[in-house]
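Here are some comments to read alongside the structure, with the points numbered so that you can follow them one at a time.

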Amino acid sequence: MSRLYDTAEPSLVDEELLQKAVEEQGPQDQAGQIAKEEGIQYDEVCQLRLDYKNILKIDHLWQFTSLTKLQLDNNIIEKIEGLGRLTNLKWLDLSFNNIEGIEGLDSLVKLEDLSLYNNRISVIENMDTLLNLHVLSIGNNFLAQLENVIYLRKFKNLRTLNLAGNPICKEDRYKIFVAAYLPELVYLDFRLLDEQTREQAFGKYQYAIEEMRHNEAQERRAMDARQEQEDELKLHRDAFVELLNGPYLFDSMYADDAEAAKLAYLPGVSVLLETYKNHLVALCVQVFEIGLAQRGRREDEVKSFFDCSREAVDDNQQRAAQIAADFEKARRQVMSEMQQATDTRLLEAQMNHCSEEINQLCDSLMTQELQLVDQLEDIIKDFERNISDMVAGFIEVVQGIFAQCRDLENHHHEKLLEIAVATLERVAKNELEEDMPDDVRMLFVDKDTVINAVSGSHDTHLLKIDNREDELMTRCNSWMSALMKSVQDEEVKRNRKRISEIHNYIDYVRDQLDEMQHEHH
Amino acid sequence: MEVLPKVESVKEVTAASTLMLKSNPNRPERAQEVDLSQYPTSYKENSPQEKLLLAIADNFCCQYMHLYPDRKPLLLCPLNECGVQKCVSTTLRPTLLSYPELYSWEGCASFVSEFLSLELLDPPIDPPRHLYSPTWLMQTQRGSCFDFSTLLCSLLLGAGYNAYCVSGYAVKEMCLLNQSLQECPLLGKATEQKRQVKKYSVKPPRDLRSGFEQRQEERRQSDAQAILLKKQQEAERLQEERERLPPDPLLGLRVHCWVLILSGNREVPENFFIDPLTGKSLSTTNKCFLGIESIWNHQNYWVNMQDCRFGCAEMNFDLGDAVKWEYLLYGTTGQSLLLIPDMKKQQEAEDDEEEEVDDPKVFEMPPSWVNQINISQQDMETRCPGGMKVIQYRKAKLEKFAPYLLPDGLVTRLTTYSDLDCDTVKEWYQHRHDHLEERELKKTSNVNIEHFRPGRSYALKSHRYITMAPETERQMDFYSHARADGLARRVEMPFEMTETFEDRPDFIYHRHVVFGKRVKVFGPSNTEVVERFNRDRSKPAGEDVAERIFLVSEDRIQVTYHREDDRIIPAWRNFIKPRDSGDSQNPHSFTPQMASTFQVDPFEKPSKNLFLYEMLVHMMKEEERVALKVKESEKEVRAILGVREQEESSIELHISIYNTARNERARCHREALERTAKEERLRQEEKELDFLAPFLAQLGDPENLTRQAALQLRNDCLADLKQRLIDKANLIQARFERETQELQQKQQWYQKNQLTMTKEDEDEYLAYCSDAMFRIHILKLRLSRHKDKAPQKYMALDERLRRDPRLKATQGCFGHGFDVQL
């Protein structure tokens with residue numbers, strides 16, 4: 001108990017303390033001796049026990065990055081700190097300290113067992129990231145609100161919980177409440193939660209829990225739906241035809257066009273707009289469908305290419321590995337024979353033979369690799385040609401459709417112009433029956449204004465269409481070049497790795513042989 | 001027209017059947033039990049309907065003979081087993097039996113082919129004079145091909161097939177059931193798989209060899225191959241010549257009968273034939289069938305009008321076509337058959353009379369005169385006559401036995417031959433207690449292969465061996481999922497053992513042990529153990545052991561890791577074990593020279609000595625553990641061999657508890673129940689023995705008794721019992737006295753001659769004394785018991801007499817004190 005040590009001098013975590021603890025708790029006997037000779041690296045220590053040390057402040061532990069178990073119990077620690085880098089921690093014991101709040105555990109995502117027994121904690125908080133928690137001991141603290149338990153619902157793996165000795169345990173409904181809100185819990189306060197309690201709990205808190213569950217389920221569903229939507233959009237984006245399966249393009253054409261909105265008031269224009277919209281949307285949908293189909297084809301092509309190249313690489317690797325393995329087996333045999341041999345001349349001959357073998361191995365492995373490079377180069381070329389054909393074909397078709405869109409726009413523009421001119425004439429003759437908003441009427445002051453307005457609108461529309469077309473084409477082309485670049489880069493990387501691997505091995509084998517030679521001289 | 005059976009024909013039949021019995025000693029004796037007098041009258045007489053049918057048939061035959069004098073007479077109305085003329089169509093008796101296997105044509109055909117044995121036609125170019133009913137066939141299990149077809153067709157019609165009997169001509173092999181030129185169906189062939197070609201498959205590496213040399217080589221090889229091929233062809237030709245049968249002088253004349261199934265019913269997609277002798281289906285264009293005379297089912301009879309000079313290949317089976325098929329009865333075409341013949345028949349029977357009045361022109365085939373076919377459970381199981389059948393195939397002999405017929409559970413034996421020598425013997429077993437299912441013996445290499453059903457001890461699946469002695473060459477396969485250690489196979493050679501594992505949590509899949517020379521006391525010690533592991537994806541490749549080799553004799557341990565996915569060379573660590581075998585007080589001295597390491601990645605930090613040391617210690621522990629495992633494996637092999645040997649020496653068959661016929665305990669239980677029931681019945685009868693009968697008889701069995709007479713009767717009855725009891729007591733008493741007297745005399749005699757007696761005489765006397773004493777004692781006991789029982793018996797009789805309804809008149813008259821006076 002920390003209070004017992006109140007009289008003693010609080011100590012700090014320092015080099016000396018750590019060194020001593022590591023040596024004491026490290027490997028024993030022969031292993032310990034070897035370890036001492038070599039020196040123990042702090043980042044290799046997996047377990048550390050720092051109990052009954054009267055530690056006031058956690059410090060200097062940042063080096064122990066591979067620590068999985070840390071015991072800091074029975075000290076006088078007041079604040080959880082300095083543990084942020086111990087991300088491999090699975091087991092953390094902070095019991096019998098003077099901690100007042102839970103904090104500083106956010107990065108310990110692997111934590112499974114956490115003990116905060118006998119501290120001064122009044123709220124369960126700041127543990128959102130510890131989703132792997134199996135065991136939580138937080139007994140003998142100052143928890144006064146039963147609602148703290150609800151926070152623990154997010155730990156789906158929590159099976160063992162200790163809350164004994166908190167003020168909340170005095171409440172009558174304590175056990176039932178916990179059982180009801182944590183249905184997955186197996187042990188509470190060192191005891192198995194029996195079926196009876198669970199049933200009772202379920203009966204009592206049925207509605208509250210049902211509601212909570214319902215809300216949670218709804219949230220999950222909403223999340224799923226959102227995810228699904230995003231996936232679909234991503235699919236469309238991959239096909240470079242997103243937002244073409246509806247009137248989005250049309251809407252965007254008219255979104256930034258103030259003139260068009262004014263012109264829509266002219267008689268006959270709304271009908272015209274309607275048919276125009278229908279035609280344009282039909283074309284967009286055509287692009288969309290072609291895009292999706294093409295994407296499927298491209299995907300198949302890519303998959304087939306990668307399958308085949310992987311197969312070829314695997315096959316080649318298998319063969320090379322077999323060669324290397326056979327050589328290694330033979331080499332070990334020869335080496336052990338040579339170690340026992342005594343006849344110098346014979347040994348010399350064997351050495352020569354051996355180095356020749358090594359050269360041969362080097363050659364054959366390199367040949368294998370070169371063959372593979374050749375083969376892959378061929379199929380990469382084929383693949384590049386096919387993919388670029390595909391992309392070019394796709395772009396051509398899309399361009400054709402977009403040309404139709406432009407024609408449609410031109411046609412629409414002419415019609416609109418006709419109506420506008422006719423309206424202008426009627427306005428000039430004052431024959432107009434319908435009343436127009438003032439800003440629309442302003443357009444018809446003279447011919448130039450009207451024509452400018454109409455062709456301004458026309459230009460905006462054409463620009464939008466062109467932009468969409470350009471975007472599709474650039475993205476498609478950049479996708480292709482990125483793909484080809486990555487394929488080639490991968491191949492280069494693979495080749496370099498293989499070559500360096502072969503050299504590494506050959507060097508090692510030669511070194512061994514040389515060593516043997518030296519020994520014998 | 002002859003309707004009534006002739007006396008001669010009956011005689012002929014019986015004579016023929018006795019002849020048949022004599023000619024075949026192997027025949028089961030069941031034929032003798034066939035009692036024709038037990039058969040119903042429909043077998044011995046013709047109904048008016050049938051008589052009419054016979055008249056029509058006779059007329060039809062006459063016309064046919066007149067129109068086609070060249071063609072053979074039709075088989076339309078042969079004699080049945082009782083010597084009565086019956087139409088072939090009415091001999092068919094569509095029957096659906098309750099055995100599920102008889103619901104498909106395959107099941108029916110194989111049953112018929114196995115159940116009956118063939119009697120050849122004599123002469124082979126004429127149809128038989130007799131056609132036996134299925135009832136007769138079920139009893140005799142013998143018949144001609146016509147009888148086979150009749151039975152099979154009856155079963156098929158019952159099962160709803162559109163089946164017909166076909167009378168025609170076939171090749172000799174088929175008529176004589178000679179299958180010695182056919183491949184055995186049990187010798188299946190493996191199927192090949194095709195590989196799929198992918199779009200981006202890489203080209204094979206460029207060939208750098210000289211094209212010219214290659215061509216030369218090719219030419220040389222092709223020449224050699226041509227010679228080889230020629231030789232082979234020559235050999236094949238010779239072989240064929242040898243196997244080819246001499247041409248059959250009776251080709252095209254041999255009469256045969258088989259079954260035709262037309263498509264339509266029971267989802268049969270196309271017409272086909274079934275040869276009832278082999279039970280196999282054949283295409284309607286098969287070359288074995290040379291011609292068709294006529295076909296019939298249970299409703300009509302058709303004569304073929306098509307040309308059969310070139311076999312049956314172009315035969316048309318549209319029976320509605322009157323040009324191609326001449327029918328016997330008008331109105332019932334081949335297409336109008338119903339699925340459920342029985343129901344139709346019933347209706348027909350009901351409608352018969354009315355129809356005759358209404359429309360005398362349409363005459364329908366009368367119902368079958370044959371009784372329903374009845375196949376007993378035992379026949380179904382025994383199948384072949386006598387429970388066994390032997391079939392000769394090309395270079396193979398197939399023997400079939402009924403289950404439980406042979407004491408070792410053998411059901412099928414297939415012997416294959418290469419030319420003259422026996423090559424392999426394959427045997428199939430059923431109901432074996434040791435789960436043996438199949439055994440194959442290769443005569444040439446003397447290798448035995450045994451296969452077992454799941455459920456054996458040690459989950460043994462198959463066992464391949466030459467001898468049963470341990471430490472010889474053998475291979476055992478196991479049901480790995482049923483074993484805790486996941487062992488799938490263990491191959492043993494002298495001084496070597498290889499084990500293969502499946503689905504192990506520690507990923508090991510291979511263990512190979514090489515044994516050194518045998519040390520006398522400790523058994524063979526292993527010199528080398530190789531263990532291989534599958535990749536454990538949860539670990540990085542550089543830490544996942546792929547292979548570890550314990551070179552025990554060299555004190556070395558080699559550990560090789562898995563290759564990383566894109567590498568060709570694995571990392572490894574080699575250890576040399578410390579010479580001093582370490583214990584807890586004096587641990588191993590470890591120097592860094594003991595371990596050598598190859599790292600795949602040269603930039604990786606070399607592992608620490610501490611790690612190497614710990615690994616070495618671990619490996620040494622593993623080595624000990626593996627040695628133990630190997631010992632266990634050897635022990636297991638010996639245990640399995642022991643168990644197998646014991647099982648083979650005392651073969652037991654497993655009998656299901658549901659098999660009431662064979663299960664000994666169940667039968668005993670049933671018999672015991674029956675016996676007790678019988679005893680109970682006897683006792684009951686005894687109880688009802690009437691003891692008043694003799695006294696009533698004295699009075700002349702009067703209807704009613706007067707009070708006086710009743711009283712008298714009762715008194716008589718009681719007095720009689722009393723007298724008998726007294727007599728009995730007196731008898732026992734007399735015997736008792738006689739014995740005592742004799743004993744006394746003997747004793748006196750003994751006392752007189754005691755001194756002059758020999759040892760034997762004395763012994764004899766003593767033996768006599770003890771015997772006599774025993775007898776006297778028994779008599780005494782009997783007497784006292786009789787004294788006790790006698791009043792009880794008397795009272796019991798009194799009570800019963802008082803209750804007897806016939807002696808009601810004596811009511812109210814009590815008080816007959818009784819005591820047996822001795």
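**Notes on aromatic pairs and on chain B**

1. Phe327(A) has a relative accessible area of 11% and is therefore buried, since the cut-off for buried is under 20%. Please keep in mind throughout that this is a predicted model.

2. Tyr505(A) is buried as well, with a relative accessible area of 1%. The ring centres of Phe327(A) and Tyr505(A) lie 6.3 Å apart with the planes at 85°, so this pair is edge-to-face. The pair links distant parts of the chain, because Phe327(A) belongs to helix H8 (residues 269-340) of chain A and Tyr505(A) to helix H11 (residues 447-520) of chain A, 178 residues apart.

3. Ring pairs also join Phe327(A) and Tyr505(A) with Tyr508(A), Trp572(B) and Phe598(B) in a cluster. Over all chains, the structure holds 31 aromatic pairs.

4. Another of these pairs is formed by Phe177(A) and Tyr205(A), whose ring centres are 5.4 Å apart and whose planes stand at 85°, so that it counts as edge-to-face. Phe177(A) is buried at a relative accessible area of 2%, and Tyr205(A) is buried at 11%.

5. In chain B, which has 17 helices and 25 strands, 41% of the 822 residues count as buried. Pro454(B), by contrast, counts as exposed at 51% relative accessibility, and it is found in the loop between strand S15 (447-452) and strand S16 (460-465). Leaving aside neighbours within four places in sequence, Pro454(B) is in contact with His435(B) and Tyr479(B).

Methods
Residues are numbered from 1 along each chain as its sequence is written. Chains are lettered from A and ligands numbered from 1 in the order in which they are written. This is a predicted model: local features need pLDDT of at least 70, side-chain atom pairs count only at pLDDT 80 or more; totals for chains, interfaces and linings use all residues. Side-chain values use heavy atoms; hydrogens and water are left out. Helices (H or I, at least four residues) and strands (E, at least two) are DSSP runs, numbered from the N terminus. Buried means under 20% relative accessible area, exposed over 50%, partly exposed in between (1.4 Å probe, protein chains only). Contact means heavy atoms within 4.5 Å. Rings of Phe, Tyr and Trp (its six-membered ring) pair if their centres lie within 6.5 Å; planes under 30 degrees apart count as stacked, over 60 as edge-to-face and the rest as tilted.
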